[in-house]
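Here is a short briefing on a structure. Please look at the sequence and the coordinates before reading on.

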Amino acid sequence: MKVGKIPFCVTLLVIAFLYIPIVILIINSFNESQFSGNFTAFSLKWYKKLISEKAMWEALTNSLIIGFFATLISVVLGTLAALAIYNYKSNLQKIHLSFIYTPLIVPDILMGIGLLLFFILLNIKLGLFTVFLAHTTFCVSYVTMVILAKLQNFDYSLIEAARDLGASHFQVFRKILVPLLSPAIAAGALLSFTLSIDDFVITFFVAGKGAVTLPIYIYSLVKFGSTPIINALSFIMLTLTFIVIFTSERLLNKKT
Amino acid sequence: MRKSLSKAEILLTLPSFGWLFTFFFVPTAIVFALGFKSTTSQGGIGEQWTLETMGKLFNIHYLVLIARTVYLSAVTTIICIALALPVGYYLARAPVRLRNLLLMLIIVPFWSSFLIRIFAWKSLLHPEGFIKQWLAYFHIINDETTLLYNSGAVVLVMVYTYLPFGILPIYAAASKFNFHLLEAAMDLGATRMQAFIKIFIPLLKQAILTAAILVFVPAIGAYVIPDLVGGTQSEMIGNKIAQKTLLDRNLPLASALSTLLGVTIALPALAILYFQKKSKSYILEKKGIE
């Protein structure tokens with residue numbers, strides 16, 4: 001049976017719709033002129049300007065620090081959570097699982113205002129530390145989901161066989177679970193690092209005045225002085241994103 | 001039967017459970033509770049419990065805001081589903097290599113920075129931007145038309161941002177769909193379009209509902225998109241919450257608005273859950289009869 005022309009055309013249009021803004025953005029990062037309407041000459045001046053921007057480097061450093069620690073803690077918490085939910089089918093785990101996936105459904109703005117109120121009521125000073133706490137909170141859910149998906153596809157008889165052959169709990173963990181799960185753990189870590197680096201809404205609520213992360217810096221550029229250095233920054237970030245996706249695809253699809 | 005919890009289970013569960021209880025459950029509960037607190041004259045949190053703050057939401061200003069938020073989110077959802085259906089159908093039928101390539105192409109922008117995608121549209125729609133220049137060149141619009149800072153721009157960028165959420169569940173269901181059914185319908189004289197509408201769409205109802213929720217929920221909580229490409233006439237609940245929290249510092253009122261947002265999301269989700277349960281028990285009953 002033939003597939004029909006309309007679905008094919010719509011698919012092509014959707015792909016074009018998704019990519020045209022990004023492609024024009026990239027072209028414009030090399031555009032001498034400030035406006036996207038006319039390309040005057042090829043130039044790297046926006047990249048040079050971006051590199052000399054002190055505030056950008058500061059924001060980038062903050063983002064990397066927060067991303068690193070949020071990833072570290074959320075990977076530990078998420079791995080434990082996935083193992084608990086997979087191993088025990090108790091009522092406690094049902095509640096546990098609902099705790100894990102509700103943050104995925106709740107809009108960012110609710111999570112942002114909730115955490116802000118929480119920090120205000122407890123008199124915790126807003127800054128990098130509160131941003132780290134917030135990021136870890138939403139990253140845990142994603143890490144758990146990635147690892148749980150891997151666990152559910154995995155053959156439990158391997159563990160039973162190992163136990164029958166006399167392996168201890170710790171040996172099973174060390175020799176079977178860790179090697180089997182490490183690609184999923186790495187993919188979860190990449191995902192939470194990307195999410196942390198990219199988060200704006202929640203960060204905006206809990207950052208206070210001092211902690212400018214990269215998205216907050218970009219937001220202030222977009223909102224107030226939309227200079228083409230964002231184009232240059234966008235191209236660099238898109239390239240990094242491509243590398244991250246490619247690596248995580250490799251990690252998850254690798255045959256074990 | 002109730003099994004007592006083992007030490008190992010508690011050790012494995014406690015870290016993430018405790019973390020999410022403290023930093024997710026408690027803050028959410030605070031939001032709902034503060035909506036029932038009074039506001040002091042400085043905009044601080046008052047002592048007594050009251051319904052006054054919640055009551056403030058029932059004026060025309062907020063009702064318009066809520067109606068607009070629901071309307072813009074619904075339009076976004078409908079457009080996303082209308083695009084996702086043919087795309088999901090095509091992906092399910094495309095040769096494997098092409099399909100994987102297209103799926104990758106659909107997912108990649110979704111991984112890239114959210115703000116950068118909005119910025120890309122903002123500069124495209126800008127008066128000196130690409131689209132405006134072209135449309136004016138072909139005399140489709142005149143020089144005075146502004147493409148930015150209106151509801152149209154908000155819907156456009158929301159569709160752009162949330163479209164993958166619509167496509168992926170529909171594709172997942174379509175890839176398990178038995179396409180012989182469509183052939184059978186066409187052998188019996190249906191046109192391709194009729195087969196698509198009368199068989200493909202009804203059988204994918206579940207996936208379409210999932211896709212609709214996945215688009216509708218983030219759309220209704222949207223804040224950055226209306227803030228950056230919308231104008232005063234396209235303000236949404238998210239903008240008001242941010243304004244009351246960050247500018248006016250009226251935390252009880254912001255909480256009341258957030259509660260309202262939570263309810264607006266929970267209602268359709270619960271309705272769909274209820275509906276699904278009902279149709280499930282209906283199917284079970286039918287099976288029992290047979």
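This is a predicted model: local features need pLDDT of at least 70, side-chain atom pairs count only at pLDDT 80 or more; totals for chains, interfaces and linings use all residues.

Residues are numbered from 1 along each chain as its sequence is written, while chains are lettered from A and ligands numbered from 1 in the order in which they are written.

**Interface between the chains**
- 61 residues of chain A are in contact with 65 residues of chain B (contact: C-beta atoms, placed from the backbone, within 7 Å).
- H1(A) supplies the largest share of the chain A side, twelve residues (helices are DSSP runs of H or I, at least four residues; strands are runs of E, at least two; both are numbered from the N terminus).
- By class, this side of chain A has 45 nonpolar, 13 polar and three charged residues (nonpolar: Ala, Val, Leu, Ile, Met, Phe, Trp, Tyr, Cys and Pro; charged: Asp, Glu, Lys and Arg; polar: the others, Gly among them).

**Nonpolar core**
- The largest nonpolar core has 149 residues (a set of buried Ala, Val, Leu, Ile, Met, Phe, Trp, Tyr and Cys residues joined through C-beta atoms within 7 Å; buried: 20 or more other C-beta atoms within 10 Å of the residue's own, with C-beta atoms placed from the backbone).
- A:Leu115, B:Val157 and B:Ile170 touch the most other members.
- Helix H7 (residues 151–174) of chain B gives this core its largest share, 16 residues.
- B:Val157 touches B:Ile118, B:Trp121, B:Ile225 and B:Val229, leaving aside residues up to four places away in sequence.

**Helix H5 of chain B**
- H5 (residues 114–125) of chain B spans 17 Å from first C-alpha to last, close to the 16 Å expected (1.5 Å times one less than its number of residues).
- Eleven of the twelve residues of H5(B) are buried, so the helix is largely enclosed by the rest of the structure.
- B:Ile118 and B:Trp121 are among the buried residues of H5(B).

**Chain B overall**
- Chain B has 13 helices and two strands.
- Its radius of gyration is 24 Å, well over the 19 Å that the globule rule gives for 290 residues, so chain B is more spread out than a compact globule (taken over C-alpha atoms; the rule is 2.2 Å times the number of residues to the power 0.38).
- Buried residues make up 41% of chain B.

**Domains of chain A**
- Chain A splits into domain 1 (1–43) and domain 2 (46–253) (bounds from an automatic or database domain assignment).
- The C-alpha centres of these two domains lie 30 Å apart.

Methods
Two residues are in contact if their C-beta atoms, placed from the backbone, lie within 7 Å.
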